[in-house]
Amino acid sequence: MKITRRTFLAGAGAAAATVAAPLKPAQAAISENSYATLIDLTLCDGCKDLSQPACVDSCRQGNADKFPKPDPKHIRDYWPQKKHEDWSKKKHLTNRLTPYNWIFVDTLEVEGRTLSVPRRCMHCDNPACVKLCPFGINHKTPEGPVWIDPNLCFGGAKCRTVCPWSVPQRQAGVGVYTLWESFMPVGGGVMYKCDLCRKRLARGDNPHCVDSCPKKAMLIGKRKEIFAEAEKRAAATGGHLYGMEENGGTSTIYVSPVPFEAIDKAILARAEKIKAKAPKGKKLPKPMRMHKPENMLAKQTEWAAASVIAPALGALAAFVATTKKEEK
Amino acid sequence: MSSLTVVRHSLTVRLTHWTIALSGILLLFSGFGQMPMYKRYNVVKIPGLGWSDQYDITLMLHYFGAIFFCAAVIFHIVYHIRRKEYAIMPKTGDIGVSITGFKAMFGMAEEPLHAKFQAKQRVIYAIIGAVCLILVGTGVIKSYKNLGDIILQPMFLEAMTMLHTAFGMLFMALFIAHVAALTLKDHRPLVPSMFTGNIDRKYAEEHLPEWKID
């Protein structure tokens with residue numbers, strides 16, 4: 001092709017447009033019609049009259065078929081480490097997230113009140129757990145739920161590390177890695193967490209936790225409506241909101257009569273007390289906080305954008321280099 | 001009197017090559033760092049690498065490497081297409097000649113006569129090039145979805161991610177094979193050209209007789 005000033009300018013213009021286009025702020029792709037949930041802490045009392053909260057009980061019963069069924073002979077240490085994660089003998093635990101318990105109710109004393117705070121996956125809008133899974137088997141659906149495919153998960157637990165609330169929990173001795181575990185020490189099990197009962201949602205049913213709540217402290221609906229309802233309730237009671245901004249936005253909105261800073265402080269203070277009482281050197285679980293985490297991916301958006309436009313920059317540079325040659 | 005060396009690679013070609021090679025090394029290291037490996041396999045215990053299990057650091061390094069890698073790969077393609085330089089593109093019959101060439105590497109056959117590039121170099125170039133293009137394509141998609149609340153179809157993203165990871169492994173294998181091939185005695189005279197641009201004229205005349213040297 002003969003290079004003329006006109007073709008050079010046209011090519012340079014096209015390349016520059018390609019470069020500039022992605023620099024626009026990324027469009028939020030969370031549909032207003034996707035699902036969101038509301039958890040109203042002014043209503044939740046932790047089912048104090050029951051042996052365990054109804055949401056926890058119904059989740060455990062309703063999702064029992066999805067819980068891990070590890071083969072004991074595959075439960076081995078994660079070579080070269082001398083440890084593994086096996087919850088199969090601690091299925092009864094309901095006071096924290098485990099592969100067998102996808103929701104728990106945290107009871108806290110905050111500003112003279114007893115608060116019951118149901119905790120589970122927040123189903124983030126820009127979930128690092130999904131976007132950084134090296135095998136892409138952690139999914140964010142356009143409908144809202146974040147779910148892990150247990151058939152393909154290796155159990156590397158990166159999703160837990162990058163989750164600000166450390167939600168996914170690992171069970172050893174189950175999953176695809178058991179196929180090669182005996183000769184190749186890669187993988188550690190499968191990660192488990194709440195999937196917002198996505199199959200029930202697809203059928204038009206509510207998640208188990210929402211349906212079972214006797215106080216109607218949990219609601220599910222279209223994102224726009226749930227956000228509006230949460231704001232309405234917070235405005236009416238002088239309450240506080242959590243989940244709209246945290247980690248770049250989530251699909252789980254809490255309404256609380258007390259500030260979330262105070263709740264987080266109470267969570268940390270309790271963790272400190274537990275630590276003080278625990279034997280020295282004992283590894284304790286990370287407290288599931290109610291802080292204001294910044295989205296890990298959002299911190300590096302400029303770098304991501306630069307890598308997206310890099311091919312166009314390369315093409316532009318080649319165009320310039322070869323055009324100069326022609327002009328000479 | 002003719003020079004004792006001949007120019008095999010221009011400065012542009014060498015700069016492109018080394019940009020791809022060095023960014024490729026960074027991408028491999030940071031890419032493996034994006035898998036939960038370095039803590040488990042005690043890489044973090046190697047002095048100076050205590051940070052290597054920090055996903056935010058390895059992710060930024062991966063973006064940094066990707067900027068140079070993607071730009072250099074596309075630069076290379078566009079640059080040579082526009083200059084109509086196709087000497088390294090595979091030709092008909094290259095696979096058969098390559099097999100003989102591979103046998104020759106291990107003393108099992110006579111090295112065939114070549115032009116500027118050996119037949120097996122052209123075949124390997126096409127393979128590495130295709131792998132690089134797949135890595136660039138899938139990598140750009142993976143970076144794009146990190147720009148904000150961008151939700152790609154889950155199965156599409158899964159396929160792109162798996163492809164990227166699998167081809168990253170393949171790239172590492174090809175990278176190692178490429179470097180290993182340069183250690184073979186017959187190939188060593190080609191190595192200086194990646195630094196200086198020149199190779200020995202006598203070697204070129206004997207081993208690359210079909211190359212029309214300017």
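Residues are numbered from 1 along each chain as its sequence is written, and chains are lettered from A in the order in which they are written. In this predicted model, local features need pLDDT of at least 70 and side-chain atom pairs count only at pLDDT 80 or more, while totals for chains, interfaces and linings use all residues.

Me: What makes B:I57 partly exposed?
Reply: B:I57 has 13 C-beta neighbours inside 10 Å, so B:I57 counts as partly exposed. B:I57 belongs to helix α2 of chain B. Its C-alpha is 8.5 Å from that of B:S30, 27 residues apart in sequence.

Me: Which residues does A:D71 touch, not counting residues up to four places away in sequence?
Reply: A:G173 and A:T178. Contact requires C-beta atoms, placed from the backbone, within 7 Å. By C-alpha atoms, A:D71 and A:L284 are separated by 26 Å, at 213 residues apart along the chain.

Me: Why are α1(B) and α2(B) called roughly antiparallel?
Reply: The axes of α1 (residues 11–33) and α2 (residues 55–82) of chain B cross at roughly 150° and come within 8 Å. Axes are lines fitted to C-alpha atoms, for helices over the stretch in contact, and angles run from 0 to 180 degrees between N-to-C directions. Under 35 degrees is roughly parallel, over 145 roughly antiparallel, 65 to 115 roughly perpendicular, and the rest oblique. The pair is therefore roughly antiparallel. The crossing is left-handed, a term for a near helix turned anticlockwise from the far one by less than a right angle; clockwise is right-handed.

Me: What is the make-up of the contact of α1(B) with α2(B)?
Reply: Among the residues that meet are B:T12 and B:L27 in α1(B), with B:F68 and B:Y79 in α2(B). The contact divides into 11 nonpolar, 12 polar and no charged residues. Ala, Val, Leu, Ile, Met, Phe, Trp, Tyr, Cys and Pro count as nonpolar, Asp, Glu, Lys and Arg as charged, and the others, Gly among them, as polar.

Me: What makes α2(B) and α4(B) oblique?
Reply: α2(B) and α4 (residues 119–144) of chain B pack at about 130°, with axes 10 Å apart. The two helices are therefore oblique. Their contact includes B:C70 of α2(B) and B:V136 of α4(B). It has 8 nonpolar, 2 polar and no charged residues.

Me: Which residues touch the most other members of the largest nonpolar core?
Reply: A:C129, A:M218 and B:C70, in a core of 101 residues. Such a core is a set of buried Ala, Val, Leu, Ile, Met, Phe, Trp, Tyr and Cys residues joined through C-beta atoms within 7 Å. α2(B) supplies the largest share, 14 residues.

Me: How many residues does each chain give to the contact between chains A and B?
Reply: Chain A gives 47 and chain B gives 43. On the chain A side, α9(A) gives the most, with 17 residues. Helices (H or I, at least four residues) and strands (E, at least two) are DSSP runs, numbered from the N terminus. The chain A side divides into 29 nonpolar, 13 polar and 5 charged.

Definitions and conventions
Two residues are in contact if their C-beta atoms, placed from the backbone, lie within 7 Å. A residue is buried if 20 or more other C-beta atoms lie within 10 Å of its own, exposed if 12 or fewer, and partly exposed in between; C-beta atoms are placed from the backbone.
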